[in-house]
Amino acid sequence: MKNHLFALTLAVLGFALTACTTTPNSPAERQSLVTSAAETTEIFLRNDPSLQELIDDSYAYAVFPSIGRGGAGIGGAYGRGIVYERGQHVGYCDVTQATVGFQLGGQAFRQLIFFRDESALRRFKHDDLHLSAQATAVAATAGASADADYERGVMVFTLARGGLMYEASIGGQRFTYQPK
């Protein structure tokens, strides 16, 4: 019974969250997202300048300027981002998240995902990359990248934007990619 409730909850949240489109609708919204992604990258670099080496050496990376999440028993999150391959903007992406369990509150955070090689990026682009909602993410603070490592070709860094969330839940993140 619990498994059916969990599956139903994830299906409902997934459907509701996918109503958002991956690519911003207007040229002005697309430019705003590109600008926000550049600003977000600079914020990450101010917190940990050694991330520049990962930006330079990784095959690709995705920048999510803001992912908002909230929950009260059932939770969800959504955010849009930009994908860079070999330093060039190649597309747009979004992330949806659904969780079930003890959770209360809301928060916003930034996320930076590095792809070690073409294979990892291909999994991301073709919707074959799914992370647990509480994926092994490193808080981007000075020197944090020195201890971080790729897991299945992917490395995730986060920075809090604000809010407060108490959580002991299970669920997952799903990514969607659309070429530029």
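Which residues form one aromatic cluster? Tyr61, Tyr84, Phe114 and Phe157 do. Let me set the ground before we get there.

This is a predicted model: local features need pLDDT of at least 70, side-chain atom pairs count only at pLDDT 80 or more, and totals for chains, interfaces and linings use all residues. Residues are numbered from 1 along each chain as its sequence is written, and side-chain values use heavy atoms, with hydrogens and water left out.

Strands first. Helices (H or I, at least four residues) and strands (E, at least two) are DSSP runs, numbered from the N terminus. Take strand β1, residues 60-85. Of its 26 residues, 19 are buried, so the rest of the structure largely encloses β1. Buried means under 20% relative accessible area, exposed over 50%, and partly exposed in between, with a 1.4 Å probe and protein chains only.

The partner is strand β2, residues 88-115. β1 and β2 pair in the antiparallel sense, over 23 bridges. Two strands pair if DSSP finds at least two bridges between them. Gly75 stands opposite Thr99 in β2. The two strands form a hairpin, with 2 residues between them. Arg86 sits in that turn, and its phi is positive, about 55°.

Now the rings. The whole structure holds 6 aromatic pairs. Rings of Phe, Tyr and Trp (its six-membered ring) pair if their centres lie within 6.5 Å; planes under 30 degrees apart count as stacked, over 60 as edge-to-face, and the rest as tilted.

One of the pairs is Phe114 with Phe157. Centre to centre, that is 5.9 Å, with 85° between the planes, edge-to-face. Phe114 lies in β2 and Phe157 in strand β5 (residues 154-179), so the pair ties together parts 43 residues apart in sequence. Phe114 and Phe157 are buried.

What about Phe115 and Phe124? Their ring centres are 4.9 Å apart and their planes are at 50°, so this pair is tilted. Phe115 is buried, and Phe124 is too.

Phe124 brings us to a helix. In α4, residues 118-125, the buried residues are Ala120, Leu121 and Phe124. Seen down the axis of α4, they fall within an arc of 95°, so they line one face of the helix. That arc is taken from the directions from the helix axis to the C-beta atoms. After α4 comes Asp127, with a positive phi near 60°.

Last stop: Asp57, in helix α3, residues 51-57. Is Asp57 buried or exposed? Asp57 counts as exposed, at 54% relative accessibility. Its C-alpha atom is 9.8 Å from that of Asp117, which is 60 residues away along the chain.
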